[in-house]
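Please look through the structure shown below before reading on. The briefing that follows takes up its pockets, its nonpolar cores and its sheet in turn.

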Amino acid sequence: MEGETFLWLIRHAPVDGVKGTIHAADAPADLRDRAQLEALRQRLPRHAASYASPARRTVDTARALGLEPEQVSEFREQDFGDWTGHRHDELAAAGGAAYAQFWDDPAGGRPPGGESFADQVARVRLGLSRIAAGPATLVVHSGTIRAALCIALDLTPQAALRFVIEPLSLTRIDRLAADWRVVSVNQRIS
């Protein structure tokens, strides 16, 4: 890809649902924090390409920011397969060996019927390679942003899981001619 690409990665608004749940793609966003959304909107570049995961919460957050994003399937959250729709405390209490084993290697482990974080990194790499030079906003998930940071910093997937990415936070990275530059991570705009 020729030219430099300047990426504004925004984690979607909090999910309007039960905390601790592995939410499905159709889970809605809680968009009541209008002041936070407006402050974030003011920091985004004008006339930038706009992308989002196809999940409802990312698309709704993007629209609340005044964007009409192209939906990119490579930017969806990690697929937790059979665990989607369940709460973490329920899965842990059930005592299943698969859940305990997953947490022994959360970067490489695959939930039943799902994908690993390492799989997500490979998928996000493909999505990022398709973004043309210039400014772009991506309204995505915490896992997608961690995956982008994994790529930009040439980290192991395990190391990239150490990043905290809060709802409605801004992470800025640039794809330069020969390398990447990290401008900011998990920035709360107020």
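## Briefing on pockets, cores and sheet

The second largest pocket has a volume of about 150 Å³, whereas the largest pocket has a volume of about 1,000 Å³. This is a predicted model, in which local features need pLDDT of at least 70 and side-chain atom pairs count only at pLDDT 80 or more, while totals for chains, interfaces and linings use all residues. Residues are numbered from 1 along each chain as its sequence is written, and side-chain values use heavy atoms, with hydrogens and water left out.

**Pockets**

- A pocket, on a 1 Å grid over the protein atoms alone, is an open set of points where a 1.4 Å probe fits, with protein on both sides within 12 Å along at least five of seven lines, and its lining residues have an atom within 4 Å of a point.
- The lining of the second largest pocket includes Arg 41, Gln 42, Leu 44 and Pro 45, and its residues divide into 5 nonpolar, 3 polar and 2 charged.
- The largest pocket is lined by 35 residues, of which Arg 11, Thr 21, Glu 77, Phe 80 and Ser 142 are the closest to its centre.
- By class, the lining of the largest pocket has 15 nonpolar, 13 polar and 7 charged residues, and α6 gives the most to this lining, with 3 residues.

**Nonpolar cores**

- A nonpolar core is a set of buried (under 20% relative accessible area, with a 1.4 Å probe and protein chains only) Ala, Val, Leu, Ile, Met, Phe, Trp, Tyr and Cys residues joined through side-chain atoms within 4.5 Å.
- The largest nonpolar core has 23 residues, and those with the most contacts inside it are Leu 7, Phe 75, Leu 128, Ile 131 and Leu 138.
- At least two residues of this core come from each of β1 (5–11), α5 (117–129), β4 (134–140) and α6 (142–153), and α6 gives the most, with 7 residues.
- Another core, of 18 residues, lies apart from the largest one, and Ala 39, Leu 44, Ala 62 and Val 139 are among its members.

**Sheet**

- Helices (H or I, at least four residues) and strands (E, at least two) are DSSP runs, numbered from the N terminus, and two strands pair if DSSP finds at least two bridges between them.
- An open sheet is formed by 6 strands in the order β3-β2-β4-β1-β5-β6, with mixed pairing, and its edge strands, β3 (70–71) and β6 (180–188), each pair on one side only.
- Strand β2 (residues 49–52) pairs with β3 in the parallel sense over 2 bridges, and Tyr 51 has Glu 70 in β3 as its bridge partner.

Key
Buried < 20%, exposed > 50% of the residue type's maximum accessible area, 1.4 Å probe, protein only. Points joined across faces, edges and corners; volume = space filled by probe spheres on them. Nonpolar A, V, L, I, M, F, W, Y, C, P; charged D, E, K, R; others polar.
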